[in-house]
Amino acid sequence: MSRSLVIVESPAKAKTINKFLGKDFTVKSSIGHIRDLVEKGIGVDVENNFEPVYEISPDKKAVVAELKKLSKGADTVWLATDEDREGEAIAWHLSEALDLKPEKTKRISYSEITKEAIQKAIENPRTIDKNLVDAQQARRVLDRLVGYEISPILWKKVKPALSAGRVQSVAVRLIVEREREIQDFKSVSSYKVSAVFLNQKNEVVKAELPKKFQTKEEAKSFLEKCKNAEFSIANIETKPAKKSPSAPFTTSTLQQEAGRKFGYSVAQTMRTAQGLYESGKITYMRTDSVNLSDTALAQAKKEIEKLYGKGFINIRRYKTKSKGAQEAHEAIRPTDLGASSIEGNAQELRIYDLIWKRTIASQMSDALLEKTTATICVSTAEESFVAQGEVLKFEGFLKVYLEGRDDEDEENTEGILPPLKIGEKLTGKEITATERFTHHPPRYTEATLVRKLEELGIGRPSTYAPTISTIQKRNYVVKEDREGMKRNFSCFTLKNKQITEEIKSENTGAEKAKLFPTDIGMVVNDFLMNNFKDIMDFNFTAKVEEEFDEIAGGKLVWTKMLAAFYKPFHEIVKHTAETSERQSGERLLGKDPKTGKQVIVRLGRFGPMVQIGHQDDDEKPRYASLRKDQRVDNITFEQAMELFKLPRNLGTHEGNEVIVSIGRFGPYIKYRDAFVSLPKGEDPYTISLERVKEILNGPRLPKVLGKFQNEDVSVAKGRFGPYVKYKNIFASLSKGEDPLSVTLERAIELVTVKEKKEQEKIIKAWDENTSVRVVNGRYGPCIQAGKRFFRIPADKQPQELTLDECLSMAGLNEEKKKSKTASAKGKVKSGKAKIRKAG
């Protein structure tokens with residue numbers, strides 16, 4: 001037995017640390033949190049000083065049992081979880097759940113997983129910082145109170161199965177308010193004038209008019225003035241300028257830059273960074289500090305001098321601007337700046353390269369530039385053109401790295417100007433006045449939403465990714481691309497003293513990977529804004545984060561903070577439950593011309609819909625679901641009435657009716673007794689009978705490919721995509737693989753691989769007629785009964801379980817008893833009925 005037990009959160013981290021410690025150390029993983037607030041009930045005793053009620057997660061009982069056994073046999077238990085509040089809380093929960101004795105328990109922390117850092121941590125142990133633990137407990141308890149008390153009101157007043165959260169609701173508010181800003185935005189056109197001149201050496205000089213003309217007439221009038229004008233250089237101003245590098249990465253700036261440069265989601269970036277950290281490649285990835293250690297600065301200096309020379313070195317110590325900068329004391333950086341590249345998958349290589357370049361660039365010299373501005377006067381007009389040029393005199397940090405920008409639409413017209421002198425005459429080659437339009441505020445991407453949350457002081461490095469994932473999982477927000485629309489604009493060109501007008505077109509309004517609020521997101525946001533103004537207030541949410549920081553610093557008692565919040569909050573909850581009205585985002589669109597009944601659009605139990613008539617009418621109301629590209633707040637009466645054209649009877653094919661409609665899983669064709677999904681891109685509202693005949697006569701799913709070992713092998717399309725089926729084995733097709741092109745050989749290959757994987761999971765099975773077996777699940781051995789999984793008690797060996805024990809643990813014996821009882825009762829009732837009938 002090893003004398004020391006080291007406990008970390010992840011298996012990957014355990015594997016890396018295990019390399020650095022000797023045979024006297026055993027390194028094990030808790031696989032994240034082992035305890036949380038109980039699932040049933042509120043999980044907090046609000047009457048008893050907000051005492052949390054914790055339970056060991058069902059899937060972690062086997063892990064805890066193993067760690068408890070190992071800890072009893074160890075002389076020292078080292079709690080080596082992450083250094084932030086979340087990591088400190090995991091360490092505390094481990095000490096509580098494992099009943100660790102203080103005298104044999106040591107807490108170690110480190111910001112990088114290298115041999116030197118781990119050995120230094122072992123040499124400098126500490127105790128668990130209860131202030132950090134309390135800050136995490138305060139966040140967890142407060143968020144549970146908010147969610148537990150508001151969510152049931154949403155179920156009653158808006159729609160079942162909804163939820164509210166302190167940070168997630170504010171994030172949704174930002175997206176909803178931005179969407180409404182965009183809806184209310186009125187685009188205004190103006191005319192931007194640009195020119196191409198030639199100097200005396202016939203070199204090109206590009207210039208623009210600083211002023212924009214508001215009307216077509218004004219723009220044309222200016223061009224008329226320029227017809228016979230003389231152009232000359234009135235003034236030249238040359239100024240030195242410099243660009244400084246950005247600070248090393250924090251969590252939020254890494255998320256933003258990976259989003260801008262690679263299009264990565266926040267969750268994707270953090271997943272990749274976590275892998276790099278756990279394999280010892282980078283420092284801890286959840287931090288709001290921009291500080292670099294002395295070791296890192298020395299490494300950077302050495303590397304810059306080696307690669308670029310002494311003139312490129314400029315050692316800087318950046319200061320963290322964030323008010324509540326947390327405990328992770330260093331920015332995200334490579335653990336070894338001498339390694340400019342690593343081995344890994346494509347995402348890891350990209351993220352590591354980004355971090356290495358940003359860190360190195362942060363310690364390099366400024367880029368030196370020379371900016372030249374030339375004013376070009378027009379002899380026949382008051383306005384003057386301005387030509388700007390920029391010359392890079394010294395690359396500095398730009399040799400390595402340049403930060404991305406969010407303002408994609410911003411035009412950069414600065415280039416290099418040819419040598420010019422005051423009084424020099426220019427020839428006007430071409431002058432254009434182009435109609436341009438003001439643009440609405442940009443929608444949020446995941447990266448720009450993180451930046452906004454950080455600016456407002458809402459959330460912390462550990463919460464950005466979960467918040468953004470949660471609002472998408474709960475369907476309050478969707479991230480998607482949207483196509484733009486064609487827009488015409490006019491363009492006047494003055495060339496050879498002739499003015500011509502041309503109508504051009506452009507695509508406008510296209511969006512890529514932007515966040516849009518859903519109908520349900522907007523209705524929930526409006527309900528919360530009307531009834532829980534404090535919870536939705538940006539300043540309140542930021543103030544709560546500051547109070548968490550004060551708790552972490554030992555300046556505020558966490559239970560007092562919760563008490564000050566809960567009493568007034570609970571009163572608002574009670575008042576809202578009693579007095580608030582049901583909210584569905586309902587809008588009256590008009591009256592049905594056939595029946596005269598009201599046509600309304602609202603949020604229903606299964607999503608947004610249009611309704612003709614009311615519940616209290618003699619006839620039942622008619623309903624139609626909105627299409628994916630339609631929304632409750634902007635659908636028109638005409639668009640709503642179009643939805644009632646389904647189901648459409650297109651006629652007959654081979655003597656049978658052909659009906660097109662939309663069901664739970666999308667548009668379909670009903671023909672004979674079969675339902676055939678419409679191919680992607682086909683519109684059920686406009687598709688013709690001829691096109692439907694082509695689909696019906698062509699290859700369709702499900703489709704039997706042939707036989708394998710005397711059993712059918714088929715290909716079909718399900719809720720989660722196309723798959724092949726053989727006996728009870730379902731194997732998904734690869735992304736992009738066409739189900740109609742799959743051969744029998746390919747299908748057999750897929751099901752054979754799937755069958756082999758399924759067999760490898762089985763620890764113990766009985767006869768083929770029994771759906772119960774013991775398998776290796778995601779979190780260890782468990783009992784599988786059909787599609788359900790049940791944990792195995794820690795005192796039981798999976799290989800030794802009997803079928804009766806498995807049935808009992810899965811609760812199937814009780815179900816059989818109930819089934820027999822119900823069957824017997826049914827027979828008795830049936831017998832009594834026959835007696836009454838005979839009597």
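So, helix H16: which of its residues are buried? In this predicted model, the buried ones are Phe538, Thr541, Ala542, Val544, Glu545, Glu547, Phe548, Asp549, Ile551 and Ala552. As a reminder, an α-helix has 3.6 residues a turn, so residues three or four places apart point the same way.

What do those buried residues pack against? The list is helix H3 (85-97), H5, helix H6 (166-184), helix H12 (446-456), helix H15 (533-536) and helix H17 (558-579).

Let me take H5 from that list. The axes of H5, residues 130-157, and H16, residues 538-552, come within 7 Å and cross at roughly 150°. Anything over 145 degrees counts as roughly antiparallel, so that is how H5 runs relative to H16. On the H5 side, the contact uses Asn131, Leu132, Asp134, Ala135, Ala138, Arg139 and Leu142. On the H16 side you have Val544, Glu545, Phe548, Ile551 and Ala552. Sorted by class, that contact has eight nonpolar residues, one polar and three charged.

Now the helix itself. H16 has 15 residues, and at 1.5 Å a residue they should span 21 Å; the C-alpha atoms at its ends are 21 Å apart, so the two agree. At the start of H16, a side-chain oxygen of Asp537 comes to within 3.1 Å of the backbone nitrogen of Asn539. After the helix comes Gly554, with a positive phi near 80°.

Asp537 also turns up in the next bit. Leaving out residues up to four places away in sequence, Arg173 touches Asn525, Met529, Met536, Asp537 and Phe538.

Another buried one is Ser30, with a relative accessible area of 0%. You'll find Ser30 in the loop between strand S2 (25-29) and strand S3 (35-37). A polar atom of the Ser30 side chain lies 2.8 Å from the backbone oxygen of Gly32. Again skipping residues up to four places away, Ser30 touches Ile7, Val8, Glu9, Lys60, Val63, Leu67, Ile90 and Leu94.

Asp99 isn't a glycine, but its phi is positive, near 55°. Asp99 is in the loop between H3 and strand S8 (105-107), and is exposed, at 59% relative accessible area. Lys497 isn't a glycine either, and has a positive phi of about 60°. Lys497 is in the loop between strand S16 (485-495) and strand S17 (498-508), and at 51% relative accessibility counts as exposed. Then there's a cis peptide bond between Leu646 and Pro647, with omega about -5°. Pro647 is in the loop between helix H18 (637-642) and strand S23 (648-653).

Zooming out to finish: the protein chain has 22 helices and 34 strands. The C-alpha trace spans about 115 × 85 × 65 Å along its principal axes. Of the 839 residues, 44% are buried. And how many of the contacts between residues at least 6 apart in sequence join residues at least 24 apart? That comes to 67%.

How values were computed:
Residues are numbered from 1 along each chain as its sequence is written. This is a predicted model: local features need pLDDT of at least 70, side-chain atom pairs count only at pLDDT 80 or more; totals for chains, interfaces and linings use all residues. Side-chain values use heavy atoms; hydrogens and water are left out. Axes are lines fitted to C-alpha atoms, for helices over the stretch in contact, and angles run from 0 to 180 degrees between N-to-C directions. Helices (H or I, at least four residues) and strands (E, at least two) are DSSP runs, numbered from the N terminus. Angles under 35 degrees count as roughly parallel, over 145 as roughly antiparallel, 65 to 115 as roughly perpendicular and the rest as oblique. Contact means heavy atoms within 4.5 Å. Ala, Val, Leu, Ile, Met, Phe, Trp, Tyr, Cys and Pro count as nonpolar, Asp, Glu, Lys and Arg as charged, and the others, Gly among them, as polar. The expected span of a helix is 1.5 Å times one less than its number of residues. Buried means under 20% relative accessible area, exposed over 50%, partly exposed in between (1.4 Å probe, protein chains only). A polar contact is a pair of N or O atoms within 3.5 Å; within protein, one must be able to donate a hydrogen and the other to accept it, and residues adjacent in sequence count only if both atoms are side-chain atoms.
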